[in-house]
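Q: I've got a new model open and I'd like to learn how to read it feature by feature. Could you walk me through it?

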Amino acid sequence: MGVAEPKLRSDLVISRQDDAVVLKDPVTGRFFRFGDAEHFITSQLDGATPLDVVRRRAGEAFGSVPEPGMLEGFVASLRRIGLLEADAAALDRPTARYRRTRGSPLYLRLSAFDPDSLLDRMIGKVGFFFTPAFLVLSAAVIALGLGIALAEWSDITRDLQRLWRFEMILAAWLIVFAVTTAHEFAHSLTCKRFGGHVHEMGFLLIYFQLAFYCNVSDAWLFPEKRKRLGVTMAGPYFEMFLWALAVIAWRITEPGTWPSAVALVVVATSAFKLFINLNPLIKLDGYYLLSDALGIHNLRARAFGYLKRRLSALVASPGRATEEPTPRERRVYLAYGLLAGGYSAWLLSWVALAMGGWLTERYQGAGAIVYTSLLGLAFQNPLRRWSARAGLSAWRERVNARWKALHGPVRALLLLGLSLAVLFLAPWQLTVSGDFSVAPRHNSDVRAEVDGIIAEVYIDEGQRVAAGELIVRLADRDYRAELRAVGAQIDETLARLNMLRAGPRAEELRLARQNVETAETRREHARRRYEEAEQMQAARLAKATADVATGEERLRYARKDLERFRALFATELISRRTLEEAQELAGIREKELVAARAELGTVSAGDLSSTGDLAGFRKEMAVAQQEAEEARGRLRLLAAGSRPEEIEGAEAVLARLVGQRSHLEDQLRLVMVRSAVAGVVTTPKPREKIGQYLKKGDLVVEVHEFETVRAEIAIPEREIGDVKVGQAVVVKARAYPERAFQGRVTAIAPAAIKEEEGWRGKVFRVTTALENPDLLLRPEMTGTAKIYCGERRLLNVLTRRLARYLRVEFWSWW
């Protein structure tokens, strides 16, 4: 019986697209993409046509006959992936069992149910979401939400900070799960709308975060690109619509209420998810949108493969490529491969370093083990390929063979006995570690003792100085100028004191009498001028008063005439012109009265041009009287001679000025700033301080004694009970990781302090003294210190934190 010719399975779903053909295996749910040549060959596999005939037809159709063995290899690949009708032997072989749970611990998929019938019932009820009206409405809502978010950004961030509460964690997780479910249903309903099928929905555990997913792979069968893009974009667009609705709801609800909090959680989480989801550099919706828009399937794998071949060609001879990309594809592969590769490397490195640093810093050894395990899970596939090498495989097989040779109970007893022996008998050094910072054991701050500008600096950073050595010199020009001014004041005060002691001269008495006579003459002249001005003011005031009375009388007669003329005009006994003349005369009289009253007010206030301003004359007369009294007083003072109090006052001023001169001389000596102790200058770039102004007490430089330094170790409160004075300490500075510095605990702080890192809680400062002959350790250096607290059983070391939790936290529950 001859061998049957290969035949393509009749139950395969085939979709013809722009430049390729997509096949779906309905049994396994897998999809395959073939080019024109591959599709032509598969279409010839009808179970009756020999491969030689297929090879000849392919040569006629495409102008070149496939190479020997190429067609047979392609058919073998089709048989291996299950696209050909199986023979009797193949039917007897067991098929792979469908697994509901797939993936790795960091990316675990659990298929829950087939939603196709549910979606069939739902698709007729959500038709509005696929209409142009909804598209316009949703676009308007998204635009409105975006505008509100931009305008109220500061209020949104402020309200978000208030949501950091423990009770919001579960609520936020449920809200995120609900929004994600709506996102996935948008994908599946859109696929159903365009005629596809969705046979898988379930839960996704991605990096320990639970999410909901749906399998819309049937979208790959749509011939129209717009439908494939629509299915991919439906989820992010609907989530963007929900985000905009949440922004509007947050804006119109009362702050601090549950509706406002729920809306704010949707705003924050959906914005972050959309930013990640639409990023085309990672394999999420943004990547599939870009891949479909460019018309290049498996864009990431192809771009990385292209870059790998290009890099291999630079260091070795390039291998034969199965398919040469077009110039457009080469440009796309190069750009996307570099961007996606760089972004992925940066993201993975950042996450790995951040998580590793946090775990090891907080949980130390246990955190390092957890971090290593997570790295192993994340990179399990590369590790498996690496461990599949010949040498490692042979060693692993030998170990497994010897271990399997033992019976099951024997293996269990052996492991149990070994574990118990190690836990209970093996001694283990208990260590407590913490961050430390270096401080000098003795230090001296060289400070300015007077105000001044630094004129000269005589030392450099790192220079050793002796006690009393000159450090800087301050500018003394101002002090010397002030000293000269004080000297001049001393001379002046001394001369005045001599004058007081000698008494007045005859010339001074004669001059004082002349001043008295001059002041009397000036006072008499001012009195006469004031009396004349007062008389003039009274005369003008009387005239202005009479003018006002006259004006009032004239106005009264004019108004009476006007009333009489109005009555005559009403009876038409006079003309209008006569009436108007009477009105004009009354207006004139009224203005004359106003002018007279203004003149009276001016005269009453005192007009400078007419009366000489009585207030000014009165002031001038008072000043003249005061000057006369002062002149007479000076004359009497000179005639009486110097008072003893004045002589004593001058002597006191002289003594004060002498003391001030002594103080300035001391300040001139203090402009020379010297070190009080011997040590090393630690202030960076001290010579750059030339020209800097210093106030009294300002720091000039720091001088530290470095041969013995002090390290302060931050030990968490939960560990301080094992730390005792005198225990050995080993520290390693981050600047010198290869060097270990040894010391002993010299002091433990009596009270705990709160660290800036909230997760560490309270810490105690433990002090140790370290010998530093090489001067390697410098102030403010940091690193990690380890305190050796004595040997314990390994079981006690491993379980001490759990035992502490049970004895304190668990105990408090009851």
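Predicted model: local features only at pLDDT ≥ 70, side-chain atom pairs only at ≥ 80, totals over all residues.

Q: Which residue forms a salt bridge with Asp547?

A: A salt bridge here is a side-chain nitrogen of Lys or Arg within 4 Å of a carboxyl oxygen of Asp or Glu. Asp547 pairs with Lys543, with the closest N and O atoms 3.1 Å apart. Both lie in helix 18 (residues 506-570), four residues apart, which is about one turn of the helix. Lys543 is exposed, with a relative accessible area of 54%. Elsewhere, salt bridges that share partners join Arg9, Asp11 and Asp25 into one network.

Q: How many salt bridges does the structure hold?

A: There are 26. One of them links Glu224 and Lys227, whose closest N and O atoms are 3.8 Å apart. Glu224 is partly exposed at 33% relative accessibility, while Lys227 is buried at 16%. Another joins the side chains of Arg480 and Asp476, at 3.1 Å from N to O. Arg480 is partly exposed, at 43% relative accessibility.

Q: Now the bigger picture. How many helices and strands are in the protein chain?

A: The chain comes to 23 helices and 20 strands. Both are DSSP runs numbered from the N terminus: helices are H or I with at least four residues, strands are E with at least two. Buried residues make up 32% of the 814 residues.

Q: What is the strand order in the open sheet of four strands?

A: The order is 12-11-9-14, with antiparallel pairing. Two strands pair if DSSP finds at least two bridges between them. Strand 12 (672-674) and strand 14 (693-694) stand at the edges with a single partner strand each, so one side of each has no neighbour in the sheet. Strand 9 (residues 452-457) and strand 11 (residues 470-474) run antiparallel and are joined by three bridges. Across that pair, Ile454 stands opposite Leu474 in strand 11. Three bridges also join strand 11 to strand 12, again antiparallel, and Arg473 has Met672 of strand 12 as its bridge partner.

Q: Why is strand 11 largely enclosed by the rest of the structure?

A: Because four of its five residues are buried.

Q: How do I read two packed helices, and at what angle do helix 9 and helix 10 cross?

A: Two packed helices are described by the angle between their axes and the distance between the axes. Axes are lines fitted to C-alpha atoms, for helices over the stretch in contact, and angles run from 0 to 180 degrees between N-to-C directions. Helix 9 (residues 225-252) and helix 10 (residues 258-277) cross at roughly 150 degrees, their axes coming within 8 Å. The contact (heavy atoms within 4.5 Å) is made by residues including Trp243 and Trp250 of helix 9 and Leu264 and Leu274 of helix 10.

Q: How many disulfides does a search of the whole structure find?

A: A disulfide is a covalent bond between the sulfur atoms of two cysteines. The test used here is a pair of cysteine sulfur atoms within 2.5 Å. The search finds zero. Cys191, for one, is in no disulfide, and its nearest cysteine sulfur, that of Cys214, is 8.3 Å away. That is too far for a bond. Cys191 is buried, with a relative accessible area of 0%, and Cys214 is buried too, at 10%.

Q: Which residues is Glu184 in contact with, leaving aside its neighbours within four places in sequence?

A: Phe212, Tyr213 and Cys214. Glu184 is found in helix 8 (residues 167-193) and counts as buried, at 14% relative accessibility. Its C-alpha atom is 9.9 Å from that of Ala211, 27 residues apart along the chain.

Methods
Residues numbered from 1 in each chain as written. Heavy atoms only, no water. Buried < 20%, exposed > 50% of the residue type's maximum accessible area, 1.4 Å probe, protein only.
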